[in-house]
Amino acid sequence: MSIRLRGVRVQGCAASAPHPLFDTLDVSIEDGAHVGVLGAAKSGKSTLLRLMCGTEMAEEGNIERRSRISWPIPLSSFLVTSSKVSQNIRFVARLYGIADDAFARRIAQMADIAGFLNVPLRQCPGFVKQRLALALGIGLDFDIYLFDGSLAPVDKDFRERAAEVVSGRMANCGYVLATAAPADIERSCDSVYVLDAGQARYFATVGEGTKYFKELLSKQKQKQDGPDDAGHPLEETEADGSGDIDMLGTAVASAIE
Amino acid sequence: MFKLLRIQFRVLSALTARDIQSQQANLAFGFGWVMFDAFLAFGGLLIMKIALRGFSGHGMPPMTFLVSGLIPWMMFAQTYAVCEGAIGKGKNLLLLPIVTELDLVLASALRIFATYLVMFLVLAVISSFYEDVPFPKFALGIALLFVSMSVMGVALGFFLMVLTRLYAPAGKFTGFFLRFGMLFSGVVFQITSFPTSVWPYLTWNPMLHIEELLRSYWFYTYQSPIGSPAFIAECLLGMTFFGLLLERYARRRLRP
């Protein structure tokens, strides 16, 4: 049970770009492992997740999937805003063969949106869509869950509850968290891949991986700004992943532990 | 194999149900308006047909004649036109690993099939009572031909999809030829309306064979001189194989 990418090549969106987004990329994710993917902006984190779950095709190489893999959570673009919340949940349930009528209620309770079940999504407050996207993703049984950006990307009021829910679901499952915030990875992952120049470099210990990533970011910054301009305060903030996402990662990670 | 088929069926039924729900979803009675549109299109052609008069042969009253030929053709025409659109419309669903482009096209084709099947049955009953036409001679044959038209529509749709992805302006020409082709596919005029000298130039068209056989299987008074089930079966197999091959090629090499 695992995901294996061997010698994968992807040109990326800009076909005329001088370098491919991924070139001879090798990644292995075992079931039950909590793996982080660290990468700067536009380094291909989301593309890697799409390759893992099968919604993106590689131009070359081999991808083996021997597990039930989620879509990149929190994906909400497939939700129909003119349909009710319950209809959206039922659609996903039908798609994944869940005949249980209680599924919609369970998802609504999980996301704390039971009061909105019979309301068209477009008439719901913004947080309903966020919570629904998270609950649908983690509410289905997968072997490996893919998280894009954060483990619980929801509104402030729901963060603690989301952290509990995510931790409950992830206790016996594997997940991949792709983010640009090393702090999130440090708190919630056991190993890490760092995306750099079309390759993914594996680190069995998160500490080494995040250190390498921070060095990589500062080198990139130096290159962009010139040799005299190194050590910009903003760089430190980004590399540490502080701010909103960081706090959220802490909540989820402590709940998992 | 059986498990995969079950998953495929499950995905298709979920997508079709969603497709039906989302039709005209901003209006009350959403899907009802889709049916209404189809009835209007049929009504317009029926009025034209009655006004022109005399093109259907003996024992083939105009309304039943049109129901037997035009409704399956309308389904075919909508099906081949929907392929590219279904993929474009369902782009967000392609982010779910369980959904493929083929699923989206098949779900849309099934939605169109269901719409026109209902319309076909309703209008067939109405026209048969109104024009006092007996129950079709070979109902199973009609059902099989109806399904064949839907499958051929999907196959042709994939061909057109690849053509337009390779060369975008191709759609301008294909649209013209396909609309023109309706006149020579037995939809409004049966083959006996044309001089026998032109038959060899028309009988390559599998749609003409289907339409001719539909009339032969429906009316006791009409026996098509050209309709060949074997030719239809060959075309159906060939087109389906070729269509699926093109879909696979487009999915890997020709992203929209």
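In what order do the three strands of the open sheet in chain A run? The order is β2-β1-β4, and the pairing is antiparallel. This is a predicted model.

**The sheet**

Strands β2 and β4 of chain A are the edges, each pairing on one side only. From one strand to the next, the twist averages 10 degrees.

Strand β1 of chain A covers residues 2-10. Six bridges tie β1(A) to β2(A), residues 22-30, and the two run antiparallel. Five bridges link β1(A) to β4(A), residues 60-65, again antiparallel.

| Residue | Opposite residue | Strand of the opposite residue |
|---|---|---|
| A:Ser2 | A:Glu30 | β2(A) |

A:Ser2 stands opposite A:Glu30.

**The helix pair**

Two packed helices are described by the angle between their axes and the distance between the axes. Here the pair is α2(A), residues 85-95, and α3(A), residues 102-111. Their axes come within 9 Å and cross at roughly 115 degrees. The crossing is right-handed.

Which residues make the contact? Helix α2(A) supplies A:Ser86, A:Ile89, A:Arg90 and A:Ala93. Helix α3(A) supplies A:Phe103, A:Ala104 and A:Ile107. By type, the contact residues divide into five nonpolar, one polar and one charged.

Methods: Residues numbered from 1 in each chain as written. Chains lettered and ligands numbered in written order. Predicted model: local features only at pLDDT ≥ 70, side-chain atom pairs only at ≥ 80, totals over all residues. Pairing = 2+ DSSP bridges. Helix = DSSP H or I, 4+ residues; strand = E, 2+ residues; numbered from the N terminus. Axes fitted to C-alpha atoms, helices over the stretch in contact; angles between N-to-C directions. Left-handed = near helix turned anticlockwise from the far one by under 90°. Contact = placed C-beta atoms within 7 Å. Nonpolar A, V, L, I, M, F, W, Y, C, P; charged D, E, K, R; others polar.
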